[in-house]
Amino acid sequence: MSLTMVASAHIPVLVKETVEALAVQPGGRYVDCTVGGGGHAVAVLERSSPGGMLLGIDADPQAIEEASSRLETYGRSVLLVNDNFVNLQAISYKYDFVPVHGILFDLGLSSLQLNGNGRGFSFQHDAPLDMRLNPGQEVTAADIVNNYSEDELAHLIRTYGEERSSRRIAHRIVQERPLKTTLQLVRLIEQVMGGRRGRIHPATKTFQALRISVNRELEYLEAALQQVVSLLGFEGRLVVISYHSLEDRIVKQFMQRESRDCICPPSNLTCTCGHTASLRLVHKKAITPSQEEIQSNPRARSAKLRVAERIITQDEHYRMVERLCSAPEFKANGWRKPVSLRRLRHAFLTA
Ligand SMILES: C[S@@+](CC[C@H](N)C(=O)[O-])C[C@H]1O[C@@H](n2cnc3c(N)ncnc32)[C@H](O)[C@@H]1O
């Protein structure tokens, strides 16, 4: 491995906590929706051995290349797919990877993407204003910066970057454009905001906003989360690691909503929603990295890990019992209906 590769290698965040939160077990089947450099995937495959399987998804073709060389030794236990996790359900069905014991999202970007690979994600390296995870996507950061109206730019930078100076930055962008490179944008923001204040570079929030918009990150996260419940098997785990408050809010609200039997507004006297809980919160609060981890990997400092477990409604349970009871191995085992939860669980885990 060359020195530059060592310097830019991605260090996975909260690895031990992730494996525990996923309750990884030998023979389990897991989907890593953001396989990246394969760091979490290795940990999951190690713990799920023997017999474990992993479906790894990433929107970035370079990440898939990286993951496939890192995970080569696991052979047929690994299936890698270059696609967006917004298509999670379709991918899982296509590859007959349902139900699963766990689904992981480790959101954001890997160090390989940030460390100046010429795709414009980082404000520390000069590159074209691109920011697409997949070169097949239509819209680049340059398209947004050079074509949106001042109001649209201000709104975007405010909403996705939570940047208070969004109006002033948008105004200056419109005055100075066309902008072609990251460094042009960085210089412009530095002029508007003055130099670095505190630990955060003044361009951080604007770059975050553009990246979220180019890759429709929040929209796709919400859509993907909606698909996990139908893929998780009995007591299957959903684990999400997020790195900023906009993502974390979506994850938290999704898990809270799905862990409630009624989601009617509090003003309703009787329930009209008919919603039933499909998840159980494993921890009420997010898990965060230790000081030790943050010191050795500063990228971990904003990480929040949330975990929920699939629960099954009586109706679903009944249908699952019906299906399992008609399987030949159940008859061969001499089991009779109703199958206890413990047996059902065992049946799922050894299926
Ligand atoms: C923080 S990295 C994951 C690192 C990985 N867990 C590891 O240990 O190496 C996030 C990855 O998610 C990918 N990604 C982000 N949004 C995505 C999406 N909507 N669909 C698929 N992959 C996505 C990025 O390309 C990146 O490789």
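Helices α8 and α11 pack with their axes 8 Å apart, at an angle of about 95°. This angle makes α8 roughly perpendicular to α11, where angles of 65 to 115 degrees count as roughly perpendicular, under 35 as roughly parallel, over 145 as roughly antiparallel and the rest as oblique. Axes are lines fitted to C-alpha atoms, for helices over the stretch in contact, and angles run from 0 to 180 degrees between N-to-C directions. The structure is a predicted model, in which local features need pLDDT of at least 70 and side-chain atom pairs count only at pLDDT 80 or more, while totals for chains, interfaces and linings use all residues. Residues are numbered from 1 along each chain as its sequence is written, and side-chain values use heavy atoms, with hydrogens and water left out.

**Helix α11 and Ser213**

- The contact between the two helices is made by Leu156, Ile157, Tyr160 and Gly161 of α8 and, on the α11 side, by residues including Lys205, Ala209 and Ser213; contact means heavy atoms within 4.5 Å.
- Ser213 belongs to helix α11, which covers residues 204-214.
- With a relative accessible area of 14%, Ser213 is buried (buried means under 20% relative accessible area, exposed over 50%, partly exposed in between, with a 1.4 Å probe and protein chains only).
- Not counting residues up to four places away in sequence, Ser213 touches Ile144, Tyr148, Leu156 and Tyr160.

**Further helix pairs**

- Two packed helices are described by the angle between their axes and the distance between the axes.
- The axes of helix α8 (residues 150-161) and α9 come within 8 Å and cross at roughly 140°, which makes α8 oblique to α9.
- α8 passes α9 in a right-handed crossing (right-handed if the near helix is turned clockwise from the far one by less than a right angle, left-handed if anticlockwise).
- Among the residues that form this contact are Leu153 and Ile157 of α8 and Ile169 and Ile173 of α9.
- Helix α9 (residues 166-176) also packs against helix α10 (residues 182-193), at an angle of about 130° and with the axes 10 Å apart; α9 and α10 are therefore oblique to each other.
- The crossing of α9 past α10 is right-handed, and its contact residues include Arg172 and Glu176 of α9 and Leu188 and Val192 of α10.

**The sheet**

- The protein chain has 17 helices and 7 strands; helices (H or I, at least four residues) and strands (E, at least two) are DSSP runs, numbered from the N terminus.
- Strand β5 pairs with β4 in the parallel sense over 6 bridges, and Leu232 in β5 is the bridge partner of Val100.
- β5 is also joined by 6 bridges to strand β7 (residues 304-310), and these two strands run antiparallel; Ser242 stands opposite Lys304 in β7.
- β6 and β7 pair in the antiparallel sense over 3 bridges, with Leu279 opposite Arg310 in β7.
- Of the 11 residues of β5, 10 are buried, so this strand is largely enclosed by the rest of the structure.

**Helices across the sheet**

**The nonpolar cores**

- The largest nonpolar core has 33 residues, and those with the most contacts inside it are Val31, Leu88, Ile103, Phe105, Leu225 and Leu238.
- A nonpolar core is a set of buried Ala, Val, Leu, Ile, Met, Phe, Trp, Tyr and Cys residues joined through side-chain atoms within 4.5 Å.
- The elements that give two or more residues to this core include β4 (100-106), α12 (217-231) and β5 (232-242), and α12 supplies the largest share, 8 residues.
- Leu238 touches residues including Ile103, Phe105, Leu225 and Phe254, not counting residues up to four places away in sequence.
- Apart from this core lies another, of 30 residues, among them Ala59, Leu109, Val145 and Ile157.

**The chain as a whole**

- Buried residues make up 48% of the 351 residues in the protein chain.
- Among contacts between residues at least 6 apart in sequence, 67% join residues at least 24 apart.

Notes. Two strands pair if DSSP finds at least two bridges between them.
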